[in-house]
Amino acid sequence: MGKLVLQYGLSMIVYIAILMLIVEVMRKRYRFSSWFWVATLLTFPLWIITGGVSGWFRWVKILSVILPTIILGFARVANADNKSGNIWSFLRKGWMLWFLYGILFLNIAEATIKDLQMGNYFNALAGIILCITIPYAPKYWEIENKNNGDLLVYTTIMWNFLYTTWNMAFVYAEGATFFASSICILLAAEVYPIIKKRPELYVIARVYTLATHLLVRAIIPELFPRIMNSSAWFNPDVMKYWGIANAIIALPFVFWHTWQLHSGQAETKFKRIKATND
């Protein structure tokens with residue numbers, strides 16, 4: 001038992017550290033990042049050969065993450081380098097922020113539909129509320145036209161927490177085998193902005209941790225079941241009550257979120273820390 005705890009503990013800590021390093025590299029080496037994610041499409045045959053991507057949910061999931069990540073990469077280059085030309089100018093227009101907002105909405109909606117199909121109605125309710133409470137684009141979204149062309153999204157602490165616990169509960173129900181590794185990508189996205197003292201980096205951290213994880217799963221599907229298989233952790237009662245807990249958290253949050261918008265306090269409550277040079 002002690003050996004297993006050590007194995008899981010070490011592998012999860014190492015994976016979290018690797019993911020945060022990847023986020024840092026993708027942020028700071030934004031030109032490299034843009035072409036790297038284009039190159040990942042060349043691994044497409046492996047997704048089929050290894051069986052790492054099967055079923056409608058997995059195909060929609062990976063394509064709805066990798067393709068927008070590529071578009072985001074070139075939009076970052078367009079803004080950071082102030083590129084000229086029709087295509088680059090097009091990537092700097094306001095539609096980009098609405099597009100990214102829509103992709104985040106779609107990402108949550110996909111899992112929410114899957115939750116409904118699995119009968120996880122309470123967790124699905126939390127997913128619906130997460131969709132409703134995504135801070136609006138373009139007011140609370142920005143791609144910097146300086147530094148690294150970072151994507152900044154002014155989410156709230158509670159939205160980030162609800163997203164994390166909702167997503168964990170979803171993965172726990174949908175594929176407990178990958179639950180431990182999914183904890184890693186969620187915690188890496190949570191911890192990275194804290195370390196940087198820039199909460200507005202949460203979404204960009206989430207983009208790159210999720211894209212990396214899905215790519216690894218697609219190419220080497222046996223990796224995580226081998227080093228951190230968490231299928232034995234599954235308990236239907238835990239799944240049920242976790243979903244209920246998420247719904248209980250989500251219901252008052254949606255009223256708080258709406259009140260911030262109604263009262264005009266969202267400008268300060270959402271943008272709790274302004275962007276700094278990093």
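Gln260 is buried, with a relative accessible area of 2%. The model is a predicted one. Gln260 belongs to helix α12. Beyond its neighbours within four places in sequence, Gln260 is in contact with Gln265, Ala266, Lys269 and Phe270.

Helix α12 covers residues 236-263. It has 28 residues and reaches 41 Å from its first C-alpha to its last. That span is close to the 40 Å expected at 1.5 Å a residue. The buried residues of α12 are Trp242, Gly243, Asn246, Ala247, Ala250, Phe253, Val254, His257 and Gln260. These buried residues pack against four helices: α7 (121-132), α8, α9 (179-196) and α13 (266-270). An α-helix has 3.6 residues a turn, so residues three or four places apart point the same way.

Helix α4 was examined in the same terms. At 1.5 Å a residue, its 26 residues should span 38 Å. The end C-alpha atoms of α4 are 38 Å apart, in agreement with that value. Helix α4 is mostly covered, with 19 of its 26 residues buried. Asn82, with a positive phi near 50°, follows α4.

Two packed helices are described by the angle between their axes and the distance between the axes. Helix α6 (residues 95-118) packs with helix α8 (residues 157-174) at an angle of about 40°. The axes of α6 and α8 are 11 Å apart. The two helices are therefore oblique to each other. Their crossing is left-handed. On the α6 side, the contact is made by Leu104, Asn107, Ile108, Ala111, Thr112, Lys114, Asp115 and Met118. On the α8 side, Trp159, Tyr163, Trp166, Phe170, Ala173 and Glu174 take part. By class, the contact of α6 with α8 holds nine nonpolar, two polar and three charged residues.

The packing of α6 with α7 has an angle of about 170°. Here the axes are 8 Å apart. Helix α6 is thus roughly antiparallel to α7, angles over 145 degrees being counted in that class. The crossing of α6 and α7 is left-handed. From α6, the residues in contact are Tyr101, Phe105, Ile108, Ala109, Thr112, Asp115 and Leu116. They meet Tyr121, Asn123, Ala124, Gly127, Ile128, Leu130 and Cys131 in α7. The residues of this contact divide into 10 nonpolar, three polar and one charged. Ile108, Thr112 and Asp115 of α6 are listed in the contact with α8 and in the contact with α7.

Ile113 is placed in helix α6. At 45% relative accessibility, Ile113 counts as partly exposed. Ile113 and Phe57 are 56 residues apart along the chain. Their C-alpha atoms are separated by 9.7 Å.

A further pair involves helix α10, where Val216 lies. Val216 is partly exposed, with a relative accessible area of 23%. Val216 and Gly52 are 164 residues apart in sequence. In space they are 8.9 Å apart, C-alpha to C-alpha. Leaving aside its neighbours within four places in sequence, Val216 is in contact with Pro221, Leu223 and Phe224.

Backbone features in loops were also examined. The peptide bond from Ala137 to Pro138 is cis, with omega near 0°. Pro138 sits in the loop between α7 and β1 (141-143). Asn82 has a phi near 50°, a positive value in a residue other than glycine. Its place is in the loop between α4 (55-80) and α5 (86-91). Asn82 is exposed, with a relative accessible area of 56%. Lys197 has a phi near 60°, again positive in a residue other than glycine. Lys197 is found in the loop between α9 and α10 (202-219). With a relative accessible area of 65%, Lys197 is exposed.

Terms used: Residues numbered from 1 in each chain as written. Predicted model: local features only at pLDDT ≥ 70, side-chain atom pairs only at ≥ 80, totals over all residues. Heavy atoms only, no water. Axes fitted to C-alpha atoms, helices over the stretch in contact; angles between N-to-C directions. Parallel < 35°, antiparallel > 145°, perpendicular 65-115°, else oblique. Left-handed = near helix turned anticlockwise from the far one by under 90°. Contact = heavy atoms within 4.5 Å. Nonpolar A, V, L, I, M, F, W, Y, C, P; charged D, E, K, R; others polar. Expected span 1.5 Å × (residues − 1). Buried < 20%, exposed > 50% of the residue type's maximum accessible area, 1.4 Å probe, protein only.
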